Amino acid sequence: MATWNSRGLRGSTFEEFINRTNEKYMEHDLALIQKIPTPITPINIDKESRHITLAYFEQKSTVDYIGVVQGIPVCFDAKECHTDTFPLANIHEHQIVFMERFEKQQGIAFLLIYFTHRDEFYYMRYEEMRSFWERAKEGGRKSFCYEELNAEFFFTGKGGILVPYLDGIQKDLSQRD
């Protein structure tokens with residue numbers, strides 16, 4: 001069973017940006033995306049602040065977000081990266097399996113990666129993520145570099161939308177068979 005502690009708050013700013021983006025998309029009837037909570041069992045609670053200081057994950061999480069965009073099912077996970085190298089250990093096999101099954105059901109699965117030191121977002125198509133994953137399984141690099149990524153899938157906030165990932169979905173769809 002996995003444990004949770006203060007490390008669990010990593011990425012919370014990025015997730016808040018995505019949550020606000022999702023609210024905007026919902027307000028404009030563009031998408032309906034929800035954050036999937038990871039169920040935890042609290043072990044220690046600070047009595048003064050009433051904050052959980054230690055907990056166990058009840059089950060493996062699948063992805064951070066799931067929903068629909070203009071009739072298309074989507075699921076994605078949000079990851080932060082503080083350097084130009086992203087360790088594949090940050091993506092778990094059960095997430096890959098879930099995303100693969102989601103894609104087989106005609107959905108779109110992807111990662112949103114926030115390169116914090118560059119203040120840039122990246123939309124990683126499932127197909128691209130899977131190729132890096134397979135490379136590692138076959139004995140290759142257990143990470144990927146910023147330079148390896150497809151330049152057309154980098155983006156920044158625009159027009160009051162903090163993480164405008166719908167543009168990535170549109171490009172993703174245009175490149176599918």
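## Basis of the description

The model is predicted, so local features are reported only at pLDDT of at least 70 and side-chain atom pairs only at pLDDT 80 or more, while totals for chains, interfaces and linings use all residues. Residues are numbered from 1 along each chain as its sequence is written, and side-chain values use heavy atoms, with hydrogens and water left out.

## Overall architecture

The chain contains four helices and eleven strands. Helices (H or I, at least four residues) and strands (E, at least two) are DSSP runs, numbered from the N terminus. Of its 177 residues, 38% are buried, a term that means under 20% relative accessible area, as against over 50% for exposed and in between for partly exposed (1.4 Å probe, protein chains only).

Among contacts with a separation of 6 or more, 64% join residues 24 or more positions apart; a contact requires heavy atoms within 4.5 Å. The accessible surface of the chain is about 10400 Å², and carbon and sulfur atoms contribute 51% of that area. Accessible areas come from the Shrake-Rupley method with a 1.4 Å probe; for residues, only the protein chains shown count as cover.

## The six-stranded sheet

Strands of a sheet pair through backbone hydrogen bonds, either parallel or antiparallel. Here, six strands in the order E2-E5-E6-E8-E9-E11 make up an open sheet of mixed pairing; two strands count as paired if DSSP finds at least two bridges between them. Its edges are strand E2 (31-35) and strand E11 (154-155), each of which pairs on one side only. E2 runs antiparallel to strand E5 (residues 65-69), with five bridges between them, and leucine 32 has valine 68 of E5 as its bridge partner.

Helix H2 (residues 93-104) packs on the sheet and touches E5, strand E6 (72-81) and strand E8 (108-115); its direction makes about 155 degrees with that of E6. For such angles, axes are lines fitted to C-alpha atoms, for helices over the stretch in contact, and values run from 0 to 180 degrees between N-to-C directions.

## Strand E6 and its partners

E6 is largely enclosed by the rest of the structure, because seven of its ten residues are buried. E6 and E8, by contrast, run parallel and are joined by eight bridges; phenylalanine 76 has phenylalanine 110 of E8 as its bridge partner.

## Glutamate 128

Glutamate 128 belongs to helix H3 (residues 126-137). This residue counts as buried because its relative accessibility is 16%. Beyond its neighbours within four places in sequence, glutamate 128 is in contact with Tyr122, Glu148, Leu149 and Asn150. Asparagine 150 is 22 residues away in sequence, and the C-alpha to C-alpha distance is 9.2 Å.

## The cavity

One cavity of 30 Å³ or more is found in the whole structure. A cavity is a set of points, on a 1 Å grid over the protein atoms alone, where a 1.4 Å probe fits but cannot get out; lining residues have an atom within 4 Å of a point. The largest cavity holds about 30 Å³ of space, the volume being that filled by probe spheres set on the points, which are joined across faces, edges and corners.

Its lining consists of Glu152, Phe153, Phe154, Phe155, Pro164, Asp167, Gly168 and Lys171. E11 and helix H4 (166-174) each supply at least two of the lining residues, and H4 gives the largest share, three residues.

Note on methods: On a 1 Å grid over the protein atoms alone, a cavity is a set of points where a 1.4 Å probe fits but cannot get out, and a pocket is an open set with protein on both sides within 12 Å along at least five of seven lines; lining residues have an atom within 4 Å of a point.
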